[in-house]
Amino acid sequence: MLMAKADRYTAVALLALGAAMLAGGWTMDRLEIRQIHPASIPGLVPMILGGLLAVCAGLLFRASYADAKRGPEAIMVGGSWSRLGITTATCLVYALVLIGWASYFWATAIFTAVFALLFSYPAGGSSREKAIAVAGAVMLGFGIGFGSALLFERLFLVRLP
Amino acid sequence: MSGLQDLVAGLTMVMTPGMLFHAAWSTLLGIVVGSLPGLTATMGVALMTTLTYSLESEAAILVLICMYVGAIYGGSRSAILLNIPGTPASAATSLDGYPLARAGRAGYAMGLATVGSALGTLAGIVMLVMIAPPLAEAALNFGSFEFFWLAVFGILISGQLTADTTPLKGYIAGILGLMAAMIGSEGIHAHVRFSMGISDLNAGIALIPAMVGAFGFAEVLTAMWNKAGVLAVAKDKSDRTIPEFHDLWRYRVTILRSGVIGTLVGIIPGVGEDIGAWGSYAAAKRASKEADKFGTGSHEGLIAAETGNSAVVPGSLIPAITLAVPGSASSAVLIAALFIHGIRPGPLIMIEQPHFVGLIGAMLVVATLFMAIYGLSMTRLFIQVLRVPYAYLMPVVFVLCVIGTYALSQRLFDVWVMVAFGLIGFVLRQMKYPMAPLVLGIILGDLLDKSLRRGLTLTDGDLLPFFMRPVSAIFVALIVLSILFNVPPFRRAVTAPLRRIGRRRDA
């Protein structure tokens, strides 16, 4: 996607966020019942920030047209989408699903081993290379699971999830 | 001179076997973290904060400072050998470091980087112990008005100087950080704002999960997205790691200038090491008789960049300790870590703990010492570190992001915050929004909010004292000038006399 186009979408989202913040600050409880000074209402700074963000969003929207004239600058180019997708998916599954559902040791061991295997498995390699990759990933998984559990539970006295 | 006396007293406290042991391992770990592209100093310090909860406060702070110093220096390894800066601070280093490595002089380049970094940090330490105590005393006279403008100035200047393309994106990042700080119970009436019915949000967004997400998880994603660099392993027979003395003596003015520039850049809130390196590099190039060699393997350029970025470390601690306003993203984490360990940075530090600045200076000296020893003796080890595949490294980093964040308050909500900030941070980075103003916004949001409303209450809603008190007026002038500097006609008018002087000098 071109940066100018992405900036335009972002400007719209930021404008909505700024307007929401402004409205949130305006409608926020003014604590009259506690007889606070009107200049110290909790919504004051959120209102200012919402207004400022909306102004910046407008300026960003306008600047995106000037940027488009200067030349096509693209975002999210030069990297690997598949690596990014796999990384995001495995990390999210670990942090949002496995942690809290499985015991910390097993969640960490499974995540580490799967992540390492996904990125180090030699699909076109010999059986020996494949076996080494699998063994390495499993060993890393168990090592990190055991080591980090030991460190945090025994040394830092953290009740693991 | 009491600053230097405190430094000597601090050294006697730090020079114990236990403290030296902590300094030794944490500096080495810092260099390893910094040398790996994708792992930055801020991430290292944030993760290390989660690993030092159970240590004594002095030992924990020593570990974090050694990690910070080591990581900023370590970034030069991959900048020189891979042409990929290990940390953003080393981007300028790669300009001359990589050509030297390609010419078979990688060892010498790393030696120069080591000595430059060590001298830069030492220059910054001297300025830290000299400037911090009087600054803290001056800040004792600050009221709500001054603190409000200080927070505004910090976010504004950070947004302006750290943005890649347009300052507007820096400002937006700063405002987003401030907005994140508005979530949760506010500091004057304890009213809960924007919690959306989620009780975990009542206390607001904690800094460490946000930082670990924005600098840890986002960096894991960035590292896996990017392609790996090519290691420059050519070796010339004349290559050596210890720099020649005449090379250093020849560039003594460059070293001194870069040390001062780096430290001053460090003092500016939320600006950071990369600007220190670029500023020093540009100044050295402008003043050099060998300006044409810059970018092709210039020893002077390499020394300037490394001295500049390392001097930012002590420089950034000056406002962090005395005003609780971080000079860089890493020092923002350090402020959070200081609070965790029961130390309250801010103007009262010189009253509550008058020797603290000297102690921090001493910790920096010890970190520099270990950095120099490792840098000059372990060149081969660091080349091996760069060969560790991301497939094995990144899951370990992410596990530490998760469990380190969880360990802070032992609640899964912090892990979700970390993940959210990681995803948002990655997208914002790809769209060239700087992270430093965002972080600064989160840390300064409470100060800005309380100072404005407290000041308005004191003046019964009158805005005039915000502009008329002397220090406030200076801040307002600086803020107006820095905004106007973005307007091309104003900038041209201001810089025209300087350009004329430059042309006359060249002629």
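**View 1. Helices H3(A) and H19(B) are roughly antiparallel to each other, because angles over 145 degrees count as roughly antiparallel.** In this predicted model, local features need pLDDT of at least 70 and side-chain atom pairs count only at pLDDT 80 or more, while totals for chains, interfaces and linings use all residues. Residues are numbered from 1 along each chain as its sequence is written, and chains are lettered from A in the order in which they are written. The axes of helix H3 (residues 81-101) of chain A and helix H19 (residues 412-430) of chain B come within 10 Å and cross at roughly 170°, the axes being lines fitted to C-alpha atoms over the stretch in contact, with angles that run from 0 to 180 degrees between N-to-C directions. A:Leu92, A:Ala95, A:Leu96, A:Ile99 and A:Gly100 in H3(A) meet B:Leu412, B:Val415, B:Trp416 and B:Val419 in H19(B), where contact requires C-beta atoms, placed from the backbone, to lie within 7 Å. By class, the residues of this contact are eight nonpolar, one polar and no charged (Ala, Val, Leu, Ile, Met, Phe, Trp, Tyr, Cys and Pro count as nonpolar, Asp, Glu, Lys and Arg as charged, and the others, Gly among them, as polar).

**View 2. Within chain B, helix H3 (residues 41-51) crosses helix H4 (residues 57-81) at roughly 160°.** The axes of these two helices of chain B come within 9 Å, and the crossing angle makes H3(B) roughly antiparallel to H4(B). On the H3(B) side the contact is made by B:Ala41, B:Gly44, B:Val45, B:Met48 and B:Thr49, which meet B:Val63, B:Leu64, B:Met67, B:Tyr68, B:Ala71 and B:Ile72 in H4(B). The residues of the contact of H3(B) with H4(B) comprise nine nonpolar, two polar and no charged.

Terms used. Helix = DSSP H or I, 4+ residues; strand = E, 2+ residues; numbered from the N terminus. Parallel < 35°, antiparallel > 145°, perpendicular 65-115°, else oblique. Contact = placed C-beta atoms within 7 Å.
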